[in-house]
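Here's a quick tour of a predicted model. Have a look at the fold, then read on.

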Amino acid sequence: MAKLMNIKGYWNTSDNWDFDEKDMDEGQILVQEDGWFEGIVRNPNSTYKEDRFVFGAFHEGKVIFLNKFTPIEESTPLIFNGEFTGEDYRGELDYLSLAGNYRCGNMQMTAREIEHNLEHQNQELMVRLEDFKNKMNKVFNDMYQNMLAVRTEFSKEVLEMYNEKQRIESNPKRVRG
C-alpha cells in the first residue's frame with residue numbers, strides 16, 4: 001500500500017550546511033511499495049509560486065534519490081541524493097543538464113507520514129501530479145518516462161548502493177603495517 005508523506009527540504013549552494021527558510025521546498029509525496037515516489041512541492045518564499053514535480057526512489061530511514069522539475073524558464077532540474085542521519089536526510093544537490101550532473105551544494109530533507117485525512121489529500125495530490133505531467137515539456141517528459149520505465153530496477157539499485165556503502169563503512173579494511 002502506498003504511503004502519503006509530507007516532505008520539507010532546505011538547500012544551500014554555498015557548499016556548507018547552514019540553511020534558511022528562503023531556500024526551502026515543502027509538499028507531499030506518494031511512496032509506492034517498491035520505493036518509487038512522485039509528489040509536488042512548492043517554495044512559499046519564491047517568486048515562482050506554482051507546483052514543482054518531484055519523483056525518484058525513497059527508502060524510509062535509509063536513502064532518498066529525488067529529481068525535481070520546475071518549468072525550465074524558472075529553474076534547472078535538480079537531483080538530491082541523501083542518506084538518513086537519524087532525524088533527516090542529508091546529501092549533495094546537483095544541477096542536471098544535457099551534458100551531465102554538476103554539484104551545486106548541499107540539502108537536507110525531512111519526511112513524515114500523513115496519518116489523517118488521507119483520502120482527500122491523496123486525491124488532491126493525484127490531481128496536481130497529473131496537471132503538472134500534462135504541462136511538462138518534451139525533454140522533461142522523456143526523462144520522466146525513461147525513469148518510470150525502469151522504476152523498480154532504479155529503486156532497487158538506489159537501495160543496493162546504499163546498503164553496499166553501509167557495509168563498507170561498517171567493515172573498513174584494516175591496513176597492515
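## Salt bridges around Lys3

Glu113 and Lys3 meet through their side chains in a salt bridge (3.7 Å, N to O); the term covers a side-chain nitrogen of Lys or Arg within 4 Å of a carboxyl oxygen of Asp or Glu. This pair links distant parts of the chain, with Glu113 in strand β8 (residues 100–113) and Lys3 in strand β1, 110 residues apart. Strands here (E, at least two residues) and helices (H or I, at least four) are DSSP runs, numbered from the N terminus.

Lys3 also has a salt bridge to the side chain of Glu60 (2.5 Å, N to O). Lys3 sits in β1 and Glu60 in the loop between β4 and β5, so this pair ties together parts 57 residues apart in sequence. At 29% relative accessible area, Lys3 is partly exposed (buried is under 20%, exposed over 50%, partly exposed in between, with a 1.4 Å probe and protein chains only). Glu60 is partly exposed too, at 42%, and so is Glu113, at 39%.

## Ground rules

The model is predicted: local features need pLDDT of at least 70, side-chain atom pairs count only at pLDDT 80 or more, and totals for chains, interfaces and linings use all residues. Residues are numbered from 1 along each chain as its sequence is written, and side-chain values use heavy atoms, leaving out hydrogens and water.

The structure holds 19 salt bridges in total. One of them joins the side chains of Arg151 and Asp34 (2.9 Å, N to O), linking helix α3 with the loop between β2 and β3, 117 residues apart.

## Strand β2 and its partners

Seven of the eight residues of β2 (residues 24–31) are buried, so the strand is largely enclosed by the rest of the structure. It pairs in the antiparallel sense with β1 (residues 3–12) over eight bridges; pairing takes at least two DSSP bridges between the strands. On its β3 side (residues 36–42), the pairing is also antiparallel, over six bridges.
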